[in-house]
Amino acid sequence: MKKILVAALLAVMALGGAAQVRTGAWVDEVVFFEEPTHAKGVEMVKTGAADVYTFGISAPDLIKDIVANLGYEVSYGSYNEITFNPVGPTYPDGRLNPFSVAKVREAMNWLIDRDFIIKEYYGGVAGIARWFPITPSFPDYAKLADVARALELQYSYNFDKAKAVITEEMKKLGAELVGGKWKYKGADVIVKCLIRPEDERKQIGDYVADQLEKIGFTAVRDYKRAAEASPIWLTGDPALGLWDIYTGGWVTTVVDRDQADNWAFFYTKLGRPEPLWQAYVNEPEAYQLWERLMRNDFRTAEERLEMMAKAMEYGLKDSYRIFVTNRVSYFARSKNIAVASDLAGGVYGAWLWSRTLKFRDKVGGTVTMGNTSMLTEPWNAIAGTNWIFDMMPIRGVSDYATLPDPFTGLPWPQNVEKAEVFVEEGIPSLLTLELGKDFGGGLRGWVTQTFVPVGSIVVPDDAWADWDAKAQKFITAKERFGGPVSARSKVVTTYPKSVFDRVWHDGSKMTLGDMIIGFILSFDRAKPDSPIYDSAMDAPFKTFMAHFKGLKILKTSPEVVFEVYSDSVFLEADLTASSRAGYLWPAYSQGVAPWHTLVLGIQAEAAGKLAFSSAKARAKGVDWTNYIAGKSLEALVGYLADNLKTNYIPYAPTLGTYITAAEAGTRYKNADAFYKKYGHLWIANGPLFVDTIRPVEKVVVLRRFPGFTDPAAKWDVFAEPKIAAVKVSGPASFRAGTAQNLKVEITFKDKPYELAQLDFVKYILFDGAGNIVGTGNAEPVKDGEYVIKLTADMTRPLVGACKVEVVVASKVVGMPSFASFSFAVTR
Amino acid sequence: MENLKRIGKYTVIRGVLIVLTVSIGVYLTVIIATMGGYMDKIQDAQIKEAVGLALQGNEEIRRLPQSEYKKIYDMMVEERRKEFGLDKPWIERSLKYLRNAVTLNLGRSERIVSFSGSGEVRRILIEAIPNTLVLILTSNLILFFTALFTALYLSRHYGSPLDRVVVAFSPTSAAPAWFYGIFLILIFASLLRVLPYGGMIDPNLPPGAWAYFKSLLKHLILPVMAWFLGSIFLSTFYWRTFFLISSSEDYVEMAKAKGVPPRAIERRYVLRPTLPPVITSFSLMLIGSWTGAIIFETVFSWNGLGRLMYRAIQATDAPVIVGSTVIYAYLLGITVFLLDLLYAALDPRVKTGAGARRMA
């Protein structure tokens, strides 16, 4: 009897435990409201009036307040540089442009003290120094961190060196230093500084002008905001000499895993078609290298890294731009809140935010989020708002085939079982997330890659390769190409069996119709014969068709398997796989949508009442399609009412095979009930759904969607970036010529960092004079511990106060960690 | 009959003058909003910058050979130029803006959309007006009548402690209302936590009109208070001085000497002659509400016409700027016109036409 009771009790406990497994979102409700004043937004988090303020704060005082009183996330997506006018040595009016000389530009690296700028203008917290076109928090930098560190030291502030080099070059140009002022043909050498006053670039511009004045130039400061400055530096002719230096700024909103083409973009004609870029003339060797990097002209990852290391060096020698700072933005949140934040895009840019958002001390609850500006443009999944603060709730209610890692940019599978990538031999295609490989925290790889002989990836005759908008049928590869055609790559994607258990927010189950309509729309909007033709699609469609060869569905039950043939291959097989896996997923540029709501917009656009894109809406003088409010929504609801009566199936000649009248009827009824309950038609499929939208008051309320059955903890590993803490220890002093071991401890939150998650640990050895005398790899010992083995030969030339700098690169976070250890070496 | 004729002629001339004035004002606005055509250059640069960045973000496009990249870039730039009408000369577009504005065909915006997502300028303005009216008009009405009646009281109690307080505090109106707003937010929202920081309603408001109304009222307290504090002392001081001057007119002194009761003096000899300026001030205050208040609305996160204009200026959306200005211009013109008529009715000293010239 006692045994039975115990067993029953255990069973009840087990059931209770099972019942407590949270699915979907951790929180019950997320309330977004608009708060344009940043200081007030932060204050509201401090007083509990909001839980998160989603704007990235860069004001040093506010950051200090956040760090002292709140929890926070950090992003590194924007950066500042100094752009030089390359024309010269003189402009047509005879004025000298010293920055036409590469050595003068190179010397500008020594003239400016990046550390001073960070301390003085960023309060020591809102920025980090930057020397290269690659971002210090992105994977490429991490892989090259040792090379970068050495170059950064070589190009750190050295006023005397800068002055000496510039003096020498100025004299070569025929200028004279008279009474401490540079003169050219009797006139002062004027440097026109075009300075952006909106942010810290004002101080940076002023600082650079001050430094130039210190070495004898006459700096003229011209403060112009973005709109006024663009026609001068960006689209204007640099030969007019309206500016010599410009304080540039750039933003990256996603972690870019491949920045190898950034040198070509920033330093060569290949970057942009505007006159400034077309005025760039490079050293042939540098140009070839950068151009090859842009074309992915290398065989292996190692070769690419070697080329990039060289590109870094060339970039500093060329210095048509000198990179100065990387802004660090802080996102204020309550200490009791956990949420994923993208290293580039911050909280609002993290695709995983709604899957990781939670209170640390409880399950459920309402999170209130302040947003600097929202509901500024219509929402439609095809070509609606692209406003970053609106995309945050839109992504929060959407489910995707893959989701980007906020710390490395790698795509992780959400609705993909596996992807097999086939690539022609000779094409550089690297693989990181190898199928079955353990990445820790429950993350496993999902991609395989096979290299095949050139010409062996033949597109099947019956693959869908184009679209006939009149007949509303796919054009097969045979019809499009006329005969057998090969592609450079093929990706076979498998959606899991559970894919058809996915439920839209109105209760409709996902079907093949949702998948195929999306693929049809990739073509139909770009076809002049289509009633929804949009000329804004011409350029992107042309690009798409240049590489797309065909798609074939191999299996539709129980799992969906399809293959995509294309000539486009990303540098990493993981990215190629992710791109192709999305071809049938009902996600569009600006959100997800089921076929039965998309069709309403299609009907409205075909009737000339609305248009999905702003470009077409303006051209036709109609409203931009909006699924959440206004007259536009009324029009969509009108079509819904009609369709309820007719069970309308869009693109019937094709979709009629996949959608039955019964399904159509059920779908329209579901959408109608949803609209009547919630007052909008934003029907998505993610862990949260849109409960309330108040466009006038700028409020959006999202609620947990019970039909989303993934475990809530599925993405918890991304709630916090695993940025390693590094400590180096060893003897405080030793004799030169003796072998020494230095211990490197690597932890995250005081726990040892898993070896499997570390990419490398490198060290740079400095002698007493600060010169680099050696570099090497530390050796792994166990989780959280590496050892640097300095041989007797390595320590032999050392004397005095020496040090090692250690660079730790992780596989799970793009941001490398640094540490240094000083020691005395005696003879 | 002759009077009617004269009034009719006067009305027509005034009407034509108003339309002419509005047209000039609107065209000046068009020139300013588009920087005399230089805005085209700016927009062109912005388009190129945006297209370049968009292409840079596309892995499959950014690595194309330069000639192919350039083709796509040019196509996209041209498409965007057409979208914003930059394929047509500025002068043509500026005259179109003027024609549309004068005929009150406000057309469609270039970038901004209404709260509900419409691109019609009319709708953009219509959706923002109620918010501004609720906030600015309420504040103005409370301010106006409080100042007026307090001033009347003070004019009767010249030199009283309250009068001295008002005079002493009148320089405080030098600070704008949003300045007081920040302090009020700090005290009542941040420190005491009894009133909201801003916005129009509580974000997680339960459904229902009553809940909405209560929340709206709660959110109005601080901004109305800030608006009131920002101007009350100076407004009261102004009206009180005005009434004091009116109270010392000879005919008022005569009435006092005749023993007319103070209430009757106030009503007949002070208020009636001062009515035209009071009505003028009141009317212009009403019209002034149209423009909203950019910083004030921003401080209180209130989506009215002020913030709309700020967005329009930032986005260089000429149709919205022109649309808002033309409505204001027409309202002002019509108000001035009506005031002219009202003056004639209220004040026997005001004459029209030849009679007026004779009097002069």
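What share of the 827 residues of chain A count as buried? In this predicted model, the share that count as buried is 54%. Along the principal axes, the C-alpha atoms of chain A occupy a box of roughly 90 × 85 × 65 Å. Of the contacts in chain A between residues at least 6 apart in sequence, 72% connect residues at least 24 apart.

The largest nonpolar core contains 314 residues, and Ile245(A), Trp290(A) and Val744(A) are those with the most contacts inside it. Helix α9 of chain B, residues 209-247, gives the most to this core, with 10 residues. When residues up to four places away in sequence are not counted, Ile245(A) touches, among others, Ile82(A), Phe84(A), Phe99(A), Val191(A) and Leu194(A). Another core, of nine residues, lies apart from the largest one and includes Ile47(B), Ile61(B), Leu64(B) and Tyr73(B).

The contact between the chains takes 56 residues from chain A and 46 residues from chain B. On the side of chain A that touches chain B, helix α20 (residues 538-547) gives the most, with five residues. By class, that side of chain A has 25 nonpolar, 14 polar and 17 charged residues.

Strand β31 of chain A (residues 699-704) has six of its six residues buried, so the strand is largely enclosed by the rest of the structure. Strand β1 of chain A (residues 29-34) runs antiparallel to β31(A) and is joined to it by five bridges, with Val31(A) having Val701(A) as its bridge partner. Strand β30 of chain A (residues 688-694) also pairs with β31(A) in the antiparallel sense, over six bridges, and here Arg694(A) stands opposite Val699(A). The hairpin of β30(A) and β31(A) has four residues between the strands, and Lys698(A) takes a positive phi near 60° in this hairpin.

In a regular strand, side chains alternate between the two faces of the sheet. Strand β32 of chain A (residues 725-729) has Val726(A) and Val728(A) on a covered face, whereas Ala725(A), Lys727(A) and Ser729(A) lie on an uncovered one. Five bridges join β32(A) to the antiparallel strand β34 of chain A, residues 740-748, in which Glu745(A) is the bridge partner of Lys727(A).

In helix α5 of chain A (residues 114-121), the buried residues are Arg114(A), Ile117(A), Ile118(A) and Tyr121(A). Viewed down the axis of α5(A), these buried residues fall within an arc of 105°, so they line one face of the helix. They pack against β5 (127-129), α9 (201-214) and β12 (321-327) of chain A, and the helix is followed by Gly123(A), whose phi is positive, near 60°.

Thr494(A), located in strand β23 of chain A (residues 489-495), counts as buried because it has 20 C-beta neighbours inside 10 Å. Although Thr494(A) and Val560(A) are 66 residues apart in sequence, their C-alpha atoms are 5.7 Å apart in space. With neighbours within four places in sequence left aside, Thr494(A) is in contact with Val416(A), Glu417(A), Lys418(A), Glu559(A) and Val561(A).

How values were computed. Residues are numbered from 1 along each chain as its sequence is written. Chains are lettered from A and ligands numbered from 1 in the order in which they are written. This is a predicted model: local features need pLDDT of at least 70, side-chain atom pairs count only at pLDDT 80 or more; totals for chains, interfaces and linings use all residues. A residue is buried if 20 or more other C-beta atoms lie within 10 Å of its own, exposed if 12 or fewer, and partly exposed in between; C-beta atoms are placed from the backbone. Helices (H or I, at least four residues) and strands (E, at least two) are DSSP runs, numbered from the N terminus. Two strands pair if DSSP finds at least two bridges between them. Two residues are in contact if their C-beta atoms, placed from the backbone, lie within 7 Å. Ala, Val, Leu, Ile, Met, Phe, Trp, Tyr, Cys and Pro count as nonpolar, Asp, Glu, Lys and Arg as charged, and the others, Gly among them, as polar. The arc is that of the directions from the helix axis to the C-beta atoms. A nonpolar core is a set of buried Ala, Val, Leu, Ile, Met, Phe, Trp, Tyr and Cys residues joined through C-beta atoms within 7 Å.
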